[in-house]
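Hi,

Here is the structure you asked about. My notes follow below it.

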Amino acid sequence: MGLVLATTAELALVTTILLLIIATPLAWWLARSRRWWKEVVGAVTALPLVLPPTVIGFYVLIALGPASPLMALLEPFGIRTLAFTFTGLVIGSLFYSLPFAIQPLRTAFEAIGDRPLEIAATMGAGPLDRFLTVALPLARRGFLSAAILVFAHTVGEFGVVLMIGGNIPGKTEVLSTRIYQLVESLQFGEAHRIAAVLVLFSFAALLALLLVERRIGTPRP
């Protein structure tokens, strides 16, 4: 049980950190760009909200399999497949949880408005300086919300991690797939205990999110 919990926590933490890094510039572009096709990009990033997890898991599994052109590029480095590995789980989680990072960050960036950035520009701040010293601090609520949502969502993943990871004990088994395995073997008592822990965790995550929304106000232009 301890190893399963550690794998789940590691997967959620790594996914959260990587998604905050990946989603920040993309959310900034979606919030600030005037390109007509930005909503097409926005729709693509939001697809995991409506796609069945098994669909995402299937295509990621194919992309990480030994017959994939992507794996052919990595074969000279001794990597034939990333399916049924922890790295594969992280890649699948990045796709599955992407909207939960993009949406809060985009909303936070949009709420800043133009005026704070224009004032910083009149004081000689360049684009990068304005982003680092003005936009990021004002968007702190979005970062906190994104971190909470991504971490909690990753902990609760099932379909994606089962298809990509294969529920290998000590390697890719996480709490959600452990519950599935316990139910299959009719060990309802142990399944109930783990499920109850996840219910409490989900409640705590939502409560933390609501407190963040209440205590950190929306930046005003």
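Methionine 71 sits in helix H4 (residues 69-74); helices are DSSP runs of H or I, at least four residues, numbered from the N terminus. Its relative accessible area is 1%, so methionine 71 is buried (under 20%; exposed is over 50%, partly exposed in between; 1.4 Å probe, protein chains only). The C-alpha atoms of methionine 71 and leucine 82 are 8.1 Å apart.

Before you read on: this is a predicted model, where local features need pLDDT of at least 70 and side-chain atom pairs pLDDT 80 or more, while totals for chains, interfaces and linings use all residues. Residues are numbered from 1 along each chain as its sequence is written, and side-chain values use heavy atoms, without hydrogens and water.

Now the rings. There are eight aromatic pairs, counted for Phe, Tyr and Trp (its six-membered ring) with centres within 6.5 Å; planes under 30 degrees apart are stacked, over 60 edge-to-face, the rest tilted. Phenylalanine 109 and phenylalanine 143 have centres 6.2 Å apart and planes at 80°, so this pair is edge-to-face. Phenylalanine 109 lies in helix H5 and phenylalanine 143 in helix H8 (residues 140-155), so the pair ties together parts 34 residues apart in sequence. Phenylalanine 109 is buried, at 1% relative accessible area. Ring pairs also link Trp28, Phe109, Phe131 and Phe143 into a cluster.

Best wishes

Technical notes. Helices (H or I, at least four residues) and strands (E, at least two) are DSSP runs, numbered from the N terminus.
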